[in-house]
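Here is my note for anyone opening this model without having seen it before.

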Amino acid sequence: MSQQPVLEVRKLRKDYRITGENSLIARTFPAVKEASFSVFPGETFGIVGESGCGKSTVARLVMCLEKPTAGEILFHGQRIDSLPERERRRLRPRFQMVFQDSGSSLNPRKRVEDILREPMLYHGMGSFKQVDARVEELLSMVGLPSDMKRRYPHEFSGGQRQRICIARALSLTPDLVVLDEPVSALDVSVQAQILNLLRDLQEKLKLTYIFIGHGLGAVHYISHRIAVMYMGKIVEMGPSDELFDHPAHPYTRSLLDAAPSADFAGRGRKRVALRGEVDEQAAEGACPLCPRCPCQTAECQRFSGALSPVPGRQDHVSACLKAWEE
């Protein structure tokens, strides 16, 4: 893309120190390893992977809720991970987050109008009267009647609470919204409503999203480009339809094969089944999937797992020595 990216992530890494029963013995666990990607204006960049792959850690790092061990995060070309908190606070209205658990992310002691009003008042986005009018506008924007503003969070359903969380994120007119599994705790029918709402809001307000999830259908539906993560590494990245129609990495193919499908014609084809369990002790410089991959070779043992272009595919990269062969 020729546009200037809203967000650039360069070789991002996050290590956690884990202490066992004996507090004198500790080890370092790399939750994110050398993640690099860019998010462009008006697009939805999806991140998908199984639980524990590091996708939510990426979200917290991008939001500067945690400090990376290494790497850089640039927002509109300005590096934000190393900024002093006082300077970063001025930028915070421009990137907002919607969390998975809407119940715990809303203050149960406050009414909806106060939850939506306080961020705008704190950042000086108008008088009390102007902000109050904005509250009603936000509720209408996410499909809730204005008379609900005097209710408390426990009086809403899960889908309605998530709409309130979306309204709160939009209250500061952000350039970037990070959505950390926003529909995974909702019923399927409610998921569809929230996803359609997000798409409508994106088109109307020209929003840019990072959408994180493990539900392949939801990520595919809303995303323009997708990154697949495994054990802290991005193992494949490309346009949404291209990645789903032509997966080039065995792990991506295994995710697609494990998901329920109504495609009866494709039920007889060969499927990828990974062997064993996730190996957290896999060599740092090697392909993390190698111990479980059904198509590994001796050459894979020495492969670093670096992303490289998939032959014949535009803007599609994979961390496998060869594109998957049908």
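1. Start with Lys 11, which is exposed, with a relative accessible area of 55%. Anything over 50% counts as exposed, so Lys 11 falls in that class. You'll find Lys 11 in strand E1, which covers residues 7-19. Its phi is near 50°, a positive value in a residue other than glycine. Most residues other than glycine have a negative phi. Do bear in mind that this is a predicted model.

2. Thr 173 is another one to look at: it isn't a glycine, yet its phi is positive, about 45°. This residue sits in the loop between H6 and E7. Thr 173 is partly exposed, its relative accessible area being 48%.

3. Next, the sheet. In what order do the 8 strands of the open sheet come? They go E6-E7-E8-E3-E9-E10-E12-E11, and the pairing is mixed. At the edges stand strand E6 (95-98) and strand E11 (308-309); each has a single partner strand, so one side of each is left without a neighbour in the sheet.

4. E6 runs parallel to strand E7 (residues 176-180), and 4 bridges join the two.

5. On the H4 side the contact has Val 112, Ile 115, Leu 116 and Pro 119, which meet Ile 164, Ala 167 and Arg 168 of H6. By class, that contact of H4 with H6 has 6 nonpolar residues, no polar ones and 1 charged.

6. H4 also packs against helix H5 (residues 128-141), at an angle of about 125° and with the axes 9 Å apart. That makes H4 oblique to H5. The crossing of H4 and H5 is right-handed. Among the H4 residues in this contact are Val 112, Glu 113 and Leu 116, while those from H5 include Phe 128, Val 131 and Asp 132. The contact of H4 with H5 divides into 9 nonpolar, no polar and 4 charged residues.

7. Last stop: helix H10 (residues 250-258). How many of the 9 residues of H10 are buried? The count is 8, so this helix is largely enclosed by the rest of the structure. The buried ones are Pro 250, Tyr 251, Thr 252, Arg 253, Ser 254, Leu 255, Leu 256 and Asp 257. What do the buried residues of H10 pack against? Their partners are helix H8 (216-222), strand E9 (225-230), strand E10 (233-239) and helix H9 (240-245).

Notes: Residues numbered from 1 in each chain as written. Predicted model: local features only at pLDDT ≥ 70, side-chain atom pairs only at ≥ 80, totals over all residues. Heavy atoms only, no water. Contact = heavy atoms within 4.5 Å. Nonpolar A, V, L, I, M, F, W, Y, C, P; charged D, E, K, R; others polar. Buried < 20%, exposed > 50% of the residue type's maximum accessible area, 1.4 Å probe, protein only. Pairing = 2+ DSSP bridges. Axes fitted to C-alpha atoms, helices over the stretch in contact; angles between N-to-C directions. Parallel < 35°, antiparallel > 145°, perpendicular 65-115°, else oblique. Left-handed = near helix turned anticlockwise from the far one by under 90°.
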